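Student: I have a model open and would like to walk through it piece by piece. Could you take my questions as they come?

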Amino acid sequence: MNYYEILGVTPDSTKTEIKSAYRKLARKYHPDVNPEGVKRFKDISNAYETLIDDKKKLEYDTLNGFFKTYQKAPKNDQNAQKKQKNDEFSSNFAKKRAKKNEKFFSDIFSSLFEGEKYQKKSPEPENGSDINSDITISLREAIKGAQRVVNVVHSGPCPRCGGRKFINGSKCPVCSGSGEYSIHKRINVKIPANVKNGSKLRLKGEGGEGRFGGKNGDLYLFIRIKGNSKISYVGLDILYTVPVSPYEAVLGGEIVVPYMDVRFKLPPKTSSGQKFRLAGQGLKKNGKSGDMIITVSIEIPKTLSDDEVKLYEKLKKLSADNIRENIFNDE
Ligand SMILES: [Zn+2]
């Protein structure tokens, strides 16, 4: 099969026709779509590369007798004849093409395989996607601030083939035909002091890479303060066991929840284990926020002064109520 037959065009076809024929066939026989089509795809690519290139096409036509003007050449001296022929072809060829296709000259510069040039005039800018990631820090780090190295996989179109996977009909050597490239990037992140649990840090431009001049996406880091024995998470809810001293439990008062920048009013005569739900004070993600559920834990200070102990002794004498007396009378 000659190149015209391979592409299903004629020597008179315009570049646009050749290009369009090529695209249709390339789509059909592209090895990604059709693993059986490797040889066919190569033939198609070779045919296209030759027919879309004026110099190569002229040579091909000359060698294979596709120009009728060839026969009209005067029969003089061999060399002169050859030169004249070529001149004639070039000029006829150019005139013919120019008439058939106004985009003739511009097309020369935008062959499908001229990667960078093609890329510039083609697709719309595409912005990169945002990357979301969690970052877990300790309570101490949450208060004092911290530095972290975050590993992010950046991916984007292959710089060599511009994401088209193939160059001149063979697999792009840089991306091995995937059209993509990805690099692992280590990003130094500064976590500000007094960061709130569930808050997010935005690192501008550190997300997925934009294509065709589009903007890079952003990297969002969701801060999670590491759970310890006092804090755990259920979905967006924070379960927090808050220590309360005996006198606070009796008298009530405002309690500042450690590390959370949250206050709540402890009612008088609160027992250990009593729970309080602070609506909207949980983790925040995608516009939703959970609650903070506080469990009161009455704890005895590790060090008690003599005076304090004396007061407890006084309390003991004063207290008429036996706390265990009615233990089963609740029902
Ligand atoms: Zn590539």
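Student: Which exposed residues sit on the face of α2 turned away from its buried side?

Tutor: In this predicted model, the face of α2 that is turned away from the buried side carries Arg-23 and Arg-27, both of them exposed.

Student: And which residues of α2 are the buried ones?

Tutor: Those are Lys-15, Ile-18, Lys-19, Ala-21, Tyr-22 and Leu-25. Looking down the axis of α2, these buried residues fall within an arc of 165°, so they line one face of the helix. The background is that an α-helix has 3.6 residues a turn, so residues three or four places apart point the same way.

Student: How far does α2 reach from its first C-alpha to its last?

Tutor: Helix α2, residues 15-29, has 15 residues and reaches 21 Å between those two atoms, which is close to the 21 Å expected at 1.5 Å a residue.

Student: Next helix, then. What should α3 span, and what are its end C-alpha atoms apart by?

Tutor: Helix α3 covers residues 38-52, and at 1.5 Å a residue its 15 residues should span 21 Å; the end C-alpha atoms are 21 Å apart, which agrees. Its buried residues are Phe-41, Ile-44, Ser-45, Ala-47, Tyr-48, Leu-51 and Ile-52. Around the axis they cover an arc of only 165°, which puts them on the same side of α3.

Student: What is Ser-45 in contact with, leaving aside its neighbours within four places in sequence?

Tutor: With that exclusion, Ser-45 is in contact with Asn-168 and Gly-169. As for Ile-6, which is 39 residues apart from Ser-45 along the chain, the two C-alpha atoms are separated by 9.7 Å.

Student: Where is Asn-168, and is it buried or exposed?

Tutor: Asn-168 is found in the loop between β3 (166-167) and β4 (170-171). It counts as exposed, with 12 C-beta neighbours inside 10 Å, and its phi is near 50°, a positive value in a residue other than glycine.

Student: What about the phi of Ser-176?

Tutor: Ser-176 has a positive phi of about 55° although it is not a glycine. Its place is in the loop between β4 and β5 (180-191), where Ser-176 is exposed, with 11 other C-beta atoms within 10 Å.

Student: Switching to sheets: in what order do the four strands of the open sheet run?

Tutor: The order is β8-β9-β15-β12, and the pairing is mixed. The edges are taken by β8 (231-234) and β12 (275-278), each with a single partner strand, so one side of each is left without a neighbour in the sheet. From one strand to the next the twist averages 25°.

Student: How do β8 and β9 pair?

Tutor: β8 and β9 (residues 237-244) pair in the antiparallel sense over four bridges, and Tyr-233 has Ile-238 in β9 as its bridge partner. The two strands form a hairpin with two residues between them, and Gly-235 in the turn has a positive phi of about 60°. On the other pairing, β9 and β15 (residues 292-298) run parallel and are joined by seven bridges, with Thr-241 opposite Thr-295 in β15.

Methods:
Residues are numbered from 1 along each chain as its sequence is written. This is a predicted model: local features need pLDDT of at least 70, side-chain atom pairs count only at pLDDT 80 or more; totals for chains, interfaces and linings use all residues. The expected span of a helix is 1.5 Å times one less than its number of residues. A residue is buried if 20 or more other C-beta atoms lie within 10 Å of its own, exposed if 12 or fewer, and partly exposed in between; C-beta atoms are placed from the backbone. The arc is that of the directions from the helix axis to the C-beta atoms. Two strands pair if DSSP finds at least two bridges between them. Axes are lines fitted to C-alpha atoms, for helices over the stretch in contact, and angles run from 0 to 180 degrees between N-to-C directions. Two residues are in contact if their C-beta atoms, placed from the backbone, lie within 7 Å.
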